[in-house]
Amino acid sequence: MIARVIVDIWKNYRGRFLCTLFGLFVGIMFLWLGFWKTVFLLICIGGGFFLGNKLDKNEDILEWLDRLLPPGYHR
């Protein structure tokens, strides 16, 4: 019975469920670490996700840095 409910929630409300869990996680982090430490942690997680996404898609990170930074900053 509970397994069917969980599967139904996962199939029909996956985004809401995951975002709710993420919100719970962020709320707990605010209480545990404080505001600025939590913001820094979320920025680090976002950066890691961004770089991992670039690597998964086999995109060249140095080419992306060339577009982002002025010439001569990373070589």
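Visitor: Leaving aside its neighbours within four places in sequence, which residues is Lys 54 in contact with?

Guide: With those neighbours set aside, Lys 54 is in contact with Glu 59, Ile 61 and Trp 64, where contact means heavy atoms within 4.5 Å. Before going further, please note that this is a predicted model, in which local features need pLDDT of at least 70, side-chain atom pairs count only at pLDDT 80 or more, and totals for chains, interfaces and linings use all residues. Residues are numbered from 1 along each chain as its sequence is written, and side-chain values use heavy atoms, with hydrogens and water left out.

Visitor: OK, and where is Lys 54 found, and is it buried or exposed?

Guide: Lys 54 belongs to helix α3, which covers residues 35–56; helices (H or I, at least four residues) and strands (E, at least two) are DSSP runs, numbered from the N terminus. Its relative accessible area is 17%, so Lys 54 is buried, given that buried means under 20%, exposed over 50% and partly exposed in between, with a 1.4 Å probe and protein chains only.

Visitor: What about Leu 42, which contacts does that one have?

Guide: Leu 42 lies in helix α3 as well, and, apart from neighbours within four places in sequence, it is in contact with Phe 22 and Val 26. The C-alpha atoms of Leu 42 and Val 26 are separated by 8.5 Å, with the two residues 16 apart along the chain. Leu 42 counts as partly exposed because its relative accessibility is 26%.

Visitor: And Phe 17, where does that lie?

Guide: Phe 17 is in helix α2, residues 14–33, and counts as partly exposed because its relative accessibility is 37%. Between the C-alpha atoms of Phe 17 and Ile 43, which are 26 residues apart along the chain, the separation is 22 Å.

Visitor: Stepping back, how many helices and strands does the protein chain have?

Guide: The protein chain has four helices and zero strands, and from the N terminus its elements run α-α-α-α. Its radius of gyration, taken over C-alpha atoms, is 19 Å, well over the 11 Å that the globule rule gives for 75 residues, so the chain is more spread out than a compact globule; that rule is 2.2 Å times the number of residues to the power 0.38. Along the principal axes, the C-alpha atoms fill a box of roughly 60 × 35 × 15 Å.

Visitor: What share of the 75 residues is buried?

Guide: Buried residues make up 5% of them.

Visitor: Switching to cysteines, how many disulfides turn up in a search of the whole structure?

Guide: The search finds zero disulfides, a disulfide being a pair of cysteine sulfur atoms within 2.5 Å. Cys 19 counts as exposed because its relative accessibility is 56%, whereas Cys 44, at 41%, counts as partly exposed.

Visitor: One last thing, what is the phi of Asn 58?

Guide: Asn 58 has a positive phi of about 55°, although it is not a glycine. As background, most residues other than glycine have a negative phi. Asn 58 sits in the loop between α3 and α4 (61–68), and it is exposed because its relative accessible area is 71%.
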